[in-house]
Amino acid sequence: MRARFEADGDVIVVTGGASGIGRALARAAAAAGARVVVCDVDEVAMAGLSGVGGISTRRLDVADRDQVFAVMGGIVHEFGRIDGLVCAAAVQPRAAVHQMDAAEWQRVLRVNLDGVVWCYQAVIAGMIARRSGSIVAFTSGLAHQGWPEASAYAASKAALIAFVKSAAKEVAQHRVRFNLIAPGVIDTPQYRQANAGTDDARWRASVGVGAPEDAVGPLLFLLSDQATMTASIISRDFAYPAEEPGP
């Protein structure tokens, strides 16, 4: 059975969309007919998307609330609306709690948690007015199981679950959907930076490591009208094993 996501001109904003899963999603959504706006702090990586049809870029630090409102307002002014918002921006430093200074701890929470809150606040009024819209945020299996030297990241992702499940119930009556995806272990630049050496080997030997494209299908589903669900989590716990080379 095959399903096809058809955006038909929908305006989809992807924060953290310059690389990894966000970049793969932006390309797939644009190919399906969406007008995609990638927002990121990595202007070099975004430059690689400038020639892709259907994709435009904006520099955005999601931890800066005023900047979030200004950028989202500019997108609405240019395109008329925002139909879908995917909050993929995140940071994942590695440090034991007793060795992490206050500024680094707060940076993780500002980007991974506050950044989603600010983006939600910036787009939700328009979605309520239109009685339509889908927002997707990223959580992680580490929110439940934890991981050494990942306490700040795990804490931010656990708090995000509580936030999304609560906020989603506030706007469900307006037919606005707010869901989460836990994409599993995905080979992205952030993953490689945070899981070099023995951690990478451990993940590959246990649950497996997927590609960014592996998360695109569930994300497109959550953005589509087929996903008549809210306050839910789509969780991908294991990766398919790699295909063996042919003879």
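Reader: Hi! At roughly what angle do the axes of helix α1 and α9 cross?
Author: They cross at roughly 60 degrees, and the axes of α1 (residues 20–31) and α9 come within 10 Å. Axes here are lines fitted to C-alpha atoms, for helices over the stretch in contact, with angles from 0 to 180 degrees between N-to-C directions. Helices (H or I, at least four residues) and strands (E, at least two) are DSSP runs, numbered from the N terminus.

Reader: Before I go on, what sort of model is this?
Author: A predicted one, where local features need pLDDT of at least 70 and side-chain atom pairs pLDDT 80 or more, while totals for chains, interfaces and linings use all residues. Numbering runs from 1 along each chain as its sequence is written, and side-chain values use heavy atoms, without hydrogens or water.

Reader: Thanks! Which residues make the contact of α1 and α9?
Author: From α1 come Ile-21, Ala-24, Leu-25, Ala-28 and Ala-29, and they meet Val-216, Leu-219, Leu-220 and Leu-223 of α9. Contact means heavy atoms within 4.5 Å.

Reader: And α4 with α6, at what angle do they pack?
Author: The angle is about 15 degrees, and the axes of α4 and α6 (residues 151–171) are 9 Å apart. On the α4 side the contact includes Trp-105, Leu-109, Tyr-120 and Ile-128. Among the α6 residues there are Tyr-153, Lys-157, Phe-163 and Glu-170.

Reader: Switching topic: how many salt bridges does a search of the whole structure find?
Author: Six (a side-chain nitrogen of Lys or Arg within 4 Å of a carboxyl oxygen of Asp or Glu). One of them joins Glu-78 and Arg-58, at 2.4 Å from N to O. Glu-78 sits in helix α3 (residues 65–79) and Arg-58 in strand β3 (residues 55–59), so this pair ties together parts 20 residues apart in sequence.

Reader: What does Glu-104 pair with?
Author: Glu-104 forms a salt bridge with Arg-107, and their closest N and O atoms are 3.1 Å apart. These two are three residues apart in helix α4 (residues 102–130), so about one helical turn separates them.

Reader: What's the N to O distance between Arg-177 and Asp-225?
Author: It is 3.9 Å, in a salt bridge between the two side chains. Because Arg-177 belongs to strand β6 (residues 176–182) and Asp-225 to the loop between α9 (216–223) and β7 (233–235), the pair ties together parts 48 residues apart in sequence.

Reader: What else does Arg-177 touch?
Author: Leaving out residues up to four places away in sequence, Arg-177 touches Gly-133, Ser-134 and Ile-135, among others. The list also includes Leu-222, Leu-223, Ala-227 and Met-229.

Reader: Where does Ala-227 sit?
Author: Ala-227 is in the loop between α9 and β7, and it is buried, with a relative accessible area of 0%. Its C-alpha is 8.6 Å from that of Arg-177, although the two are 50 residues apart in sequence. Beyond neighbours within four places in sequence, Ala-227 contacts Arg-177, Phe-221 and Leu-222.

Conventions:
Buried means under 20% relative accessible area, exposed over 50%, partly exposed in between (1.4 Å probe, protein chains only).
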